[in-house]
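The following paragraphs go through the structure shown here, a predicted model.

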Amino acid sequence: MGIIDTHAHYLLEDFGEELYPLLDNMPSNGIEKIVAVGYDLRSSAEEIALAHRYSYIFAAAGVHPENCYDLPSDWLTQLERLMQDDRICALGEIGLDYHYDNTDKTVQAEVFERQLELAQKLDMPVIIHSRDACEDTMTILKKHRPRGVLHCFSGSAETAAEVVKLGMYVGFTGVLTFKNAKKALAACEAVPLDRLLLETDCPYMAPVPHRGKRCDSSMLPFTAARMAEIKGVSTEEMIDIARQNAERLFGI
């Protein structure tokens, strides 16, 4: 069985005309399934269309915190409509991002919570984004207690343990392979095998030896090998465990 990439963004400009030839070859490169993740209403619809084009791709729809400003008044209704598609496996990515100085934390929290409520209504797992907003993210997650994953995890080992206590999963990218990734390694060590997910967050976060290049799902074996080393299992075992975890969470 192959690898599941639980978080990818293939409709960004980075791929250009190479996109479809690249995706055509993913199964032959050992990639069994991909979760293509939206970040606003438009990209979510496009990811759904991509999932209809490729049988091994599934879609997630949601409004990313950086895209939560100036939403149309019926944005939640539009999102709920997108969530009815049979290629949807999750609501996301959603969350909080305080990285930029012009962040409106109140607006982000409102959009985040309304999407968590929608996920609960629809009984769908969520894909959570959290950057420089750990405390507030955890407060909201403890309030709503969703099923889902904290993707591209960048927090501490202690926070990772809290996420697991909530019954959630933790996703790691190629950052695990970076020389300066001590925090990520400690967090990965703290997460039980049955709560780990593999992801690229492509086109970002390419693992060593491709660091600095445009990332794609075919690079996931490098991340899987490093995760396996951290957890003391073989690469094949790690890929199989992460695949089963993804199938259990997303129902794919």
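Leu79 touches Leu41, Ala61, Gly62, Leu91, Gln115 and Leu118, leaving aside residues up to four places away in sequence. Leu79 also belongs to the largest nonpolar core, which has 76 residues. Within that core, Leu79 is among the residues with the most contacts, together with Tyr10, Leu23, Ile57, Ile128 and Phe172. Helix H4, residues 105-122, supplies the largest share of this core, 6 residues. In soluble globular proteins, nonpolar side chains tend to be buried together.

Two packed helices are described by the angle between their axes and the distance between the axes. For helix H8 (residues 220-231) and helix H9 (residues 235-250), the axes come within 8 Å and cross at roughly 100 degrees. Because angles from 65 to 115 degrees count as roughly perpendicular, H8 is roughly perpendicular to H9. On the H8 side the contact is made by Ala224, Ala225, Met227, Ala228 and Lys231, and on the H9 side by Thr235, Met238 and Ile239. By class, these contact residues are 6 nonpolar, 1 polar and 1 charged.

Helix H5 (residues 134-144) and helix H6 (residues 157-165) pack at an angle of about 15 degrees, and their axes are 11 Å apart. This angle makes H5 roughly parallel to H6, since the cut-off for that term is under 35 degrees. The crossing of H5 and H6 is left-handed. Cys134, Met138 and Lys142 of H5 meet Thr159, Glu162 and Val163 of H6 in the contact. The residues of this contact divide into 3 nonpolar, 1 polar and 2 charged.

Conventions:
Residues are numbered from 1 along each chain as its sequence is written. This is a predicted model: local features need pLDDT of at least 70, side-chain atom pairs count only at pLDDT 80 or more; totals for chains, interfaces and linings use all residues. Side-chain values use heavy atoms; hydrogens and water are left out. Axes are lines fitted to C-alpha atoms, for helices over the stretch in contact, and angles run from 0 to 180 degrees between N-to-C directions. Helices (H or I, at least four residues) and strands (E, at least two) are DSSP runs, numbered from the N terminus. Angles under 35 degrees count as roughly parallel, over 145 as roughly antiparallel, 65 to 115 as roughly perpendicular and the rest as oblique. A crossing is left-handed if the near helix is turned anticlockwise from the far one by less than a right angle, and right-handed if clockwise. Contact means heavy atoms within 4.5 Å. Ala, Val, Leu, Ile, Met, Phe, Trp, Tyr, Cys and Pro count as nonpolar, Asp, Glu, Lys and Arg as charged, and the others, Gly among them, as polar. A nonpolar core is a set of buried Ala, Val, Leu, Ile, Met, Phe, Trp, Tyr and Cys residues joined through side-chain atoms within 4.5 Å. Buried means under 20% relative accessible area, exposed over 50%, partly exposed in between (1.4 Å probe, protein chains only).
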